Amino acid sequence: MSGGHICVCYQVGEDEIVGWIRRGITTVEGLGERCGAGQGCGDCHEMLEELVEDFGDPAVSDLETAASHARR
C-alpha cells in the first residue's frame with residue numbers, strides 16, 4: 001500500500017480506506033458513509049472498487065449489505 005490519497009476531494013488515504021474495507025465496509029457507498037471517500041467528484045470510484053476487490057472479504061460484504069438494508 002502506498003498510503004497516498006485515493007479520494008482527493010475529501011483527503012482520504014489508501015490506508016484508511018483499506019482499514020474500513022478490512023472491517024467489512026465493501027461498497028463504494030459504504031466507504032462514503034464511513035470516511036467520505038467517493039462522495040465528491042467520483043473520480044476515485046474505480047480505485048475504491050479495485051481496493052474492495054483486493055482487500056475485501058466476500059462473506060463480510062453480505063453482512064454489510066444486510067446491515068445497510070436494515071437501517072433503511
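Visitor: What do the buried residues of α3 pack against?
Guide: They pack against β1 (5–7), α1 (14–22) and α2 (28–35). Packing here means contact, that is, heavy atoms within 4.5 Å. The helices (H or I, at least four residues) and strands (E, at least two) are DSSP runs, numbered from the N terminus.

Visitor: What kind of model is this, and which residues count?
Guide: It is a predicted model: local features need pLDDT of at least 70, side-chain atom pairs count only at pLDDT 80 or more, and totals for chains, interfaces and linings use all residues. Residues are numbered from 1 along each chain as its sequence is written, and side-chain values use heavy atoms, with hydrogens and water left out.

Visitor: Which residues of α3 are called buried?
Guide: In α3 (residues 45–55), Leu48, Leu51 and Val52 are buried. The label means under 20% relative accessible area; exposed means over 50%, and partly exposed lies in between (1.4 Å probe, protein chains only).

Visitor: How do you know on which side of α3 they sit?
Guide: By the arc, taken from the directions from the helix axis to the C-beta atoms. For Leu48, Leu51 and Val52 it is only 100° around the axis, so they share the same side of α3. An α-helix has 3.6 residues a turn, so residues three or four places apart point the same way. Glu46, Glu53 and Asp54 are exposed, on the face of α3 turned away from its buried side.

Visitor: Which residues of α1 are buried, and what puts them on the same side?
Guide: They are Glu14, Ile17, Val18 and Ile21. Their arc is only 95° around the axis, which puts them on the same side of α1. They pack against β1, β2 (12–13), α2 and α3.

Visitor: Why is α1 called oblique to α3?
Guide: α1 and α3 pack at an angle of about 50°, with their axes 10 Å apart. Angles under 35 degrees count as roughly parallel, over 145 as roughly antiparallel, 65 to 115 as roughly perpendicular and the rest as oblique. The angle falls in the rest, so α1 is oblique to α3. The axes are lines fitted to C-alpha atoms, for helices over the stretch in contact, and the angles run from 0 to 180 degrees between N-to-C directions. Glu14, Ile17, Val18, Ile21 and Arg22 of α1 make the contact with Leu48, Leu51, Val52 and Phe55 of α3.

Visitor: What makes α1 and α2 another case?
Guide: Their axes cross at roughly 115° and come within 10 Å. That makes α1 roughly perpendicular to α2. Glu16, Ile17, Trp20 and Ile21 in α1 meet Leu31, Arg34 and Cys35 in α2.

Visitor: Why are Glu33 and Arg34 said to form a salt bridge?
Guide: The term needs a side-chain nitrogen of Lys or Arg within 4 Å of a carboxyl oxygen of Asp or Glu. Glu33 and Arg34 meet at 3.3 Å, N to O. The structure holds 1 salt bridge. Glu33 is partly exposed at 47% relative accessible area, and Arg34 is partly exposed at 29%.

Visitor: How do you know whether His5 is buried, partly exposed or exposed?
Guide: Its relative accessibility is 48%, so His5 counts as partly exposed. His5 lies in strand β1. Not counting residues up to four places away in sequence, His5 touches Gln11, Val12 and Gly13. His5 and Ile17 are 12 residues apart in sequence and 9.6 Å apart in space, C-alpha to C-alpha.
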